[in-house]
Amino acid sequence: MSPIQFVQRIRIETARSLLETTRLSVEEIAGKVGYAEPSTLRRLIRRETRHSPRHFRSGG
């Protein structure tokens with residue numbers, strides 16, 4: 001795993017936890033985990049988990 005892949009994995013895991021446990025918007029969560037663009041976070045979550053952020057918000 002490259003350093004950037006490691007950082008992305010940590011960011012995605014943190015974002016997923018925030019989606020499951022808070023009412024923060026995807027835009028707010030993206031900023032908190034280090035992405036300027038929410039679309040980047042959405043794309044990475046979908047690529048890594050095969051689910052949209054909404055899936056984690058509703059509990060799957």
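The buried residues of helix 3 pack against helix 1, helix 2 and helix 4. Buried here means under 20% relative accessible area, exposed means over 50%, and partly exposed lies in between, with a 1.4 Å probe and protein chains only. Contact means heavy atoms within 4.5 Å. Helices are DSSP runs of H or I with at least four residues, numbered from the N terminus. The model is predicted: local features need pLDDT of at least 70, side-chain atom pairs count only at pLDDT 80 or more, and totals for chains, interfaces and linings use all residues. Residues are numbered from 1 along each chain as its sequence is written, and side-chain values use heavy atoms, with hydrogens and water left out.

Start with helix 3 itself. It has 12 residues and spans 16 Å from first C-alpha to last, close to the expected 16 Å. The expected span is 1.5 Å times one less than the number of residues. Pro38, Leu41, Leu44, Ile45 and Thr49 are buried in helix 3. Down the helix 3 axis, these buried residues fall within an arc of 130 degrees, so they line one face. The arc is taken from the directions between the helix axis and the C-beta atoms. Arg43 and Arg47 are exposed on the other side of helix 3.

Now turn to helix 1. Residues 3-21 form this helix, which has 19 residues and reaches 27 Å between its first and last C-alpha, close to the 27 Å expected. Its buried residues are Ile12, Ala15, Leu18 and Leu19. They cover an arc of only 125 degrees around the axis, and therefore sit on the same side of helix 1. Pro3 and Thr21 are exposed on the other side. The cover over the buried residues of helix 1 includes helix 2 (26-33), helix 3 (38-49) and helix 4 (53-57).

How do the axes meet? Those of helix 2 and helix 3 come within 8 Å and cross at roughly 90 degrees. Helix 2 is therefore roughly perpendicular to helix 3. On the helix 2 side, Val26, Glu27, Ile29, Ala30 and Val33 make the contact; on the helix 3 side, Pro38, Leu41 and Arg42 do. Helix 1 and helix 3 pack at about 95 degrees, with axes 10 Å apart. This pair is roughly perpendicular too. Gln8, Arg9, Ile12, Ala15 and Leu19 of helix 1 meet Leu41, Leu44, Ile45, Arg47 and Glu48 of helix 3. Axes are lines fitted to C-alpha atoms, for helices over the stretch in contact, and angles run from 0 to 180 degrees between N-to-C directions. Angles under 35 degrees count as roughly parallel, over 145 as roughly antiparallel, 65 to 115 as roughly perpendicular and the rest as oblique.

The largest nonpolar core has 13 residues. Ala15, Leu19, Ile29, Val33, Tyr35, Leu41 and Ile45 have the most contacts inside it. Helix 1, helix 2 and helix 3 each give two or more residues to this core. Such a core is a set of buried Ala, Val, Leu, Ile, Met, Phe, Trp, Tyr and Cys residues joined through side-chain atoms within 4.5 Å. Take leucine 19: beyond its neighbours within four places in sequence, it contacts Val26, Ile29, Ile45, Pro53, Phe56 and Arg57.

Arginine 16 lies in helix 1. It is partly exposed, at 38% relative accessible area. Arginine 50 is in the loop between helix 3 and helix 4. It is exposed, at 74%. Its phi is near 65 degrees, a positive value in a residue other than glycine.
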